Amino acid sequence: MGIAVSAEINPQVAEFIGKPRKMLINGKWANAVSGKTFPTYNPATGEVLAQVAEGDREDINQAVKAARDAFDNGPWRRMTASERGRLIWKLADLLEQHTEEFGYLESLDNGKPLAIAKVADVPLAVDLFRYMAGWATKVEGNTIPISSGGGKYFAYTLREPVGVVGQIIPWNFPLLMAAWKLGPALASGCTVVLKPAEQTPLSALRLGELIQEAGFPDGVVNIVPGYGETAGAALAAHPDVDKIAFTGSTEVGRLIVHAAAGNLKKVSLELGGKSPNVVFKDADLDAAIPGSASAIFFNHGQCCCAGSRLYVEKAVYDQVVEGVAANAKKIRVGSGLDPKTQMGPLVSEEQLNRVCGYLEAGFAEGAKAVVGGHKAGDRGYFVEPTVLVDTRESMKVVKEEIFGPVVTAMPFTDPEEIIPRANNSDYGLAAAVWTRDISKAHRMAELLRAGTVWINCYNIFDAALPFGGYKQSGWGREMGHDVLNLYTQTKAVCAKIG
Ligand code: ADP
């Protein structure tokens, strides 16, 4: 396996990463109050990619103050919904015009293939902003016929923005997660302090420049890069933040809930997963096999909804496992900038060690790798696409989220047995079934305890489709109409008219 790193970098990107990047507070680019910076790395080489201002409590305080002032006193609240919608649409247009540049930033900072970032991450973020721009003018209340007081009252509801929102996002889809968070908050009329992941702050910071170019008033969007335990924790605990929206690990999700308790801020969480992907013997295997491979290997398995538990009906188990393994073997692993690359490195050395640690734990408990099973290459954070067999539900590799390109395959005999096994997880983010029997497919969809169920497909996302978790996979739904509930609150107005 050759890991080629192309030296050809887009000139705008080269300029952007060539200078230390600052944080966006109240419409100005500022250094950290402490003066500190932190490095972000190119995971294909392990080399430092750029230096970024390291936000901490004091920077978060300033950013929250700016967001508070923009919410309480700024032009943002006086703007019409249609003006807000137009700004979000303009941001989408600007982002689309810079697709190439954002593709490079995502590839360099996160490791994902440039070609994929350009056709998936960036266009999905553009779509999300456009979809949310449309909602800005459609946030409506109701009129409500009430019976109290002999009916002499006129009652209605208003849906109002929840206020200052803190948003903490992960590194697996850095730009797209920023869009999932910013789009609905802005459509609802909130103001924001966004903290990107320390591993991948660059695309959010570049997006901040486009937010300014689009013409959002100062302080509406503030972006503070920094570490989770410092900047993230300060944002989650801040008494003047009305709501915190978090995407990341279930472990940190719990910390966020505790931190938010001080002022009982609203909380929404999109957390981990260990999603079951169930293949029945009556499935179209020509679709189910590559579909199951892509369910786990897309984005190097660094998806909270990755199809990491593959359950296959016994009659076709060998065929499906061999097929998924053959797909895994064909995946070209290498630098994200190499046009031939289909899978890049994991995001960081920490993730590499974590995934390799899980592989070792799996082998120690008796799992075997049909393909993969090891670190790949001699520099950068690469792992081989891996299919594990001889796995049982009690094993760590089956129970815990690995967040890497590792799938555990297990056979089942009786279709009735598969529901409790598929649901046997603390998580409930996504699930999939592959079958030609439509009754079985919809029955499974009803019985699977997951926020998303895919039938004969996987990883289909759309700005209009709500996404979020059952059980310990989270609170609330992002995207779709549902997400507006996270960023608005209902006011009941009751007027005596008789
Ligand atoms: P991962 O383990 O996959 O890196 P995390 O849940 O640790 O995912 O990180 C997701 C986001 O949460 C990142 O932006 C990170 O900086 C932030 N974060 C980590 N720890 C905390 C914390 N204690 N409080 C607030 N945010 C945190």
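1. Let's start with a term: a residue is called buried when its relative accessible area is under 20%, exposed when the area is over 50%, and partly exposed in between, using a 1.4 Å probe and protein chains only. On that scale, 57% of the 498 residues of the chain count as buried.

2. Now some housekeeping. What you have here is a predicted model, where local features need pLDDT of at least 70 and side-chain atom pairs count only at pLDDT 80 or more, while totals for chains, interfaces and linings use all residues. Residues are numbered from 1 along each chain as its sequence is written, and side-chain values use heavy atoms, with hydrogens and water left out.

3. On to the overall build. The chain has 16 helices and 24 strands; these are DSSP runs numbered from the N terminus, with helices being H or I of at least four residues and strands being E of at least two. The radius of gyration is 23 Å, close to the 23 Å that the globule rule gives for 498 residues, so the chain is as compact as a globular protein of that length. For reference, that radius is taken over C-alpha atoms, and the globule rule is 2.2 Å times the number of residues to the power 0.38. The C-alpha trace spans about 70 × 65 × 40 Å along its principal axes.

4. Side chains of opposite charge can pair when their charged atoms come close. How many salt bridges does a search of the whole structure find? The search turns up 23, where a salt bridge is a side-chain nitrogen of Lys or Arg within 4 Å of a carboxyl oxygen of Asp or Glu.

5. One of them pairs Glu96 with Arg130, at 2.7 Å from N to O. Glu96 sits in helix α3 (residues 81-97) and Arg130 in helix α5 (residues 114-135), so the bridge ties together parts that are 34 residues apart in sequence. Is each partner buried or exposed? Glu96 is partly exposed at 41% relative accessibility, whereas Arg130 is buried at 18%.

6. Another salt bridge joins Arg436 and Asp284, with N and O 3.9 Å apart. Arg436 is in the loop between β20 (430-434) and α15 (438-447), and Asp284 is in the loop between β12 (276-279) and α10 (285-297), so this pair links parts that are 152 residues apart in sequence. Arg436 is exposed at 58%, and Asp284 is partly exposed at 33%.

7. Arg421 and Glu393 form a salt bridge too, with their closest N and O atoms 3.0 Å apart. Since Arg421 belongs to helix α14 (residues 415-422) and Glu393 to the loop between β17 (386-389) and α13 (396-399), the pair ties together parts that are 28 residues apart in sequence. Arg421 counts as buried, at 19% relative accessibility. There is also a network, in which salt bridges with shared partners join Arg21, Glu101, Arg206 and Glu209.

8. Two backbone angles deserve a look. His300 is not a glycine, yet has a positive phi of about 65 degrees; this residue is in the loop between α10 and β13 (309-313) and is buried at 2% relative accessibility. Asn456, also not a glycine, has a positive phi near 55 degrees. Asn456 lies in the loop between β21 (452-455) and β22 (470-471) and is partly exposed at 38%.

9. Last, Ala450. This residue is in the loop between α15 and β21 and is buried, with a relative accessible area of 8%. Leaving aside residues up to four places away in sequence, Ala450 touches Gly428, Leu429, Ala430, Ala431 and Tyr470.

Technical notes: Contact = heavy atoms within 4.5 Å.
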